[in-house]
Protein chains: 2
Amino acid sequence: MPPKPKILDRRLVAESHLFRIEQVDLEFANGSRRTYERIPGGADSVMIVPMLDAETVLLIREYGAGTDRYELGFPKGVVEPGEEPIAAANREIQEEIGYAARELRIIDRVSLVPGYIQHHSLIVLAQGLYAQRLPGDEPEPIEVVPWHLSNLDALLARDDFDEARSIAALFLAMRALRI
Amino acid sequence: MPPKPKILDRRLVAESHLFRIEQVDLEFANGSRRTYERIPGGADSVMIVPMLDAETVLLIREYGAGTDRYELGFPKGVVEPGEEPIAAANREIQEEIGYAARELRIIDRVSLVPGYIQHHSLIVLAQGLYAQRLPGDEPEPIEVVPWHLSNLDALLARDDFDEARSIAALFLAMRALRI
């Protein structure tokens with residue numbers, strides 16, 4: 001593997017309420033130069049795979065502003081400043097699905113679009129669920145969809161279960177659980 | 001599932017060479033209103049899972065400007081205007097790994113970050129590889145890394161094989177191949 005490209009210059013080229021876009025001038029080890037754009041991004045987020053029982057996951061159906069449609073996927077959210085990722089995961093499931101978990105563990109850390117987004121997300125497996133709700137800031141109640149993993153093919157065939165991170169989280173959780 | 005939120009207004013709020021950021025004012029079915037930001041995005045891209053033999057995938061190691069490090073993952077790229085996705089997949093592997101494929105099929109279509117990115121990517125399984133190279137526009141030669149799937153645990157444990165889309169593509173390909 002060559003040494004990392006040298007960053008010759010970087011500058012903010014666009015900014016909105018949520019996003020900053022940087023241009024980066026790079027010199028690769030072989031001397032070639034490129035200018036790339038990237039979205040630098042703060043702390044890791046969490047995505048949680050909540051196990052209702054040994055073979056049932058809880059999915060949520062939520063409007064995705066990016067795709068402009070309702071998407072089926074796992075609960076997720078940002079880790080607040082000073083918050084531990086595991087605490088953030090337990091808070092998010094209380095807000096989004098109305099359960100807390102007795103056992104939470106990080107099973108992977110994934111990037112979303114490493115070519116242009118810096119952000120990473122921790123995949124957290126949640127087991128030992130018990131009913132407990134925290135108020136969230138969602139614009140409308142979130143529909144919770146239990147899915148038995150014996151119907152995995154039907155889930156993967158659905159058009160609205162299409163987020164790469166949710167698909168990866170599902171397979172990683174099944175592997176961690178030896179399902 | 002409620003009807004989709006009504007889009008009350010949308011406007012371009014930031015723009016760079018590569019990205020456009022839109023603000024969208026939404027009214028949900030229950031009357032609550034939110035303003036979200038999204039990155040609208042063109043045609044589907046392709047990510048290819050190239051099978052060197054029945055149980056060996058070909059990965060590439062490439063610099064990711066988003067994460068500012070070398071990442072291990074599957075070849076990918078944009079579908080050019082007027083190009084069929086399957087042709088794009090076959091072109092990308094010739095450019096990035098120096099193989100063409102006799103059999104290519106789309107096994108899934110995934111979103112990257114449905115909360116704020118519109119873009120989707122087609123996952124293409126490539127079998128029947130034969131050596132054939134096309135020139136690409138990469139800044140440096142891409143390292144090709146064959147990986148035998150009997151070592152799946154070791155691959156998943158690597159820090160640099162972390163893109164959610166590559167992880168999802170790997171599991172989806174294994175499922176399509178009944179590995």
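# Putting the labels to the test

Tutor: Let's begin inside chain B: A88(B), A89(B), N90(B), R91(B), E92(B), I93(B), Q94(B), E95(B) and E96(B) are the buried residues of helix 1 of chain B. This is a predicted model, in which local features need pLDDT of at least 70 and side-chain atom pairs count only at pLDDT 80 or more, while totals for chains, interfaces and linings use all residues. Residues are numbered from 1 along each chain as its sequence is written, chains are lettered from A and ligands numbered from 1 in the order in which they are written, and side-chain values use heavy atoms, without hydrogens and water.

Student: How do you know that the length of helix 1 of chain B fits a helix?

Tutor: The expected span is 1.5 Å times one less than the number of residues. For the twelve residues 85–96 of chain B that gives 16 Å, and the end C-alpha atoms are 16 Å apart, so the two agree.

Student: What about helix 1 of chain A: why is it called largely enclosed?

Tutor: Nine of its twelve residues are buried, so the label applies. The cover over them includes strand 4 (45–53), strand 5 (56–64) and strand 8 (99–111) of chain A, among others. Helix 1 of chain A is followed by G98(A), with a positive phi near 75 degrees.

Student: Where else is there a positive phi?

Tutor: D68(A) has a phi near 55 degrees, a positive value in a residue other than glycine. D68(A) lies in the loop between strand 5 and strand 6 (69–73) of chain A. In chain B, D68(B) also has a positive phi near 55 degrees, and this residue lies in the loop between strand 5 (56–64) and strand 6 (69–73).

Student: Is L52(A) buried, partly exposed or exposed, and how do you know?

Tutor: L52(A) has 37% relative accessibility, so it counts as partly exposed. L52(A) is found in strand 4 of chain A and touches L58(A), Y99(A) and L129(A), not counting residues up to four places away in sequence. The C-alpha atoms of L52(A) and Y130(A) are separated by 8.9 Å, although the two are 78 residues apart along the chain.

Student: What makes a set of residues a nonpolar core?

Tutor: The set must consist of buried Ala, Val, Leu, Ile, Met, Phe, Trp, Tyr and Cys residues joined through side-chain atoms within 4.5 Å. The largest one here has 52 residues, and L170(A) and L170(B) have the most contacts inside it. Among the residues that L170(B) touches are V57(B), F74(B) and F161(B). In soluble globular proteins, nonpolar side chains tend to be buried together.

Student: Why are strand 1 and strand 3 of chain B called edge strands?

Tutor: Two strands pair if DSSP finds at least two bridges between them. In chain B, three strands form an open antiparallel sheet in the order 1-2-3. Strand 1 (6–15) and strand 3 (33–38) of chain B each have a single partner strand, so one side of each is left without a neighbour in the sheet.

Student: How do you know that strand 1 and strand 2 of chain B are paired?

Tutor: Eight bridges join strand 1 of chain B to strand 2 (residues 20–27) of chain B, and the two run antiparallel. One example is D9(B), whose bridge partner in strand 2 of chain B is D25(B).

Student: Which strands of chain A pair over six bridges?

Tutor: Strand 2 (residues 20–27) and strand 3 of chain A do, in the antiparallel sense. There, E27(A) stands opposite R33(A) in strand 3 of chain A.

Student: What are the domains of chain A, and how far apart are their centres?

Tutor: Chain A is divided into domain 1 (6–38) and domain 2 (45–176), with bounds from an automatic or database domain assignment. Taken over C-alpha atoms, 32 Å separate the two centres.

Terms used: Buried means under 20% relative accessible area, exposed over 50%, partly exposed in between (1.4 Å probe, protein chains only). Contact means heavy atoms within 4.5 Å. Helices (H or I, at least four residues) and strands (E, at least two) are DSSP runs, numbered from the N terminus.
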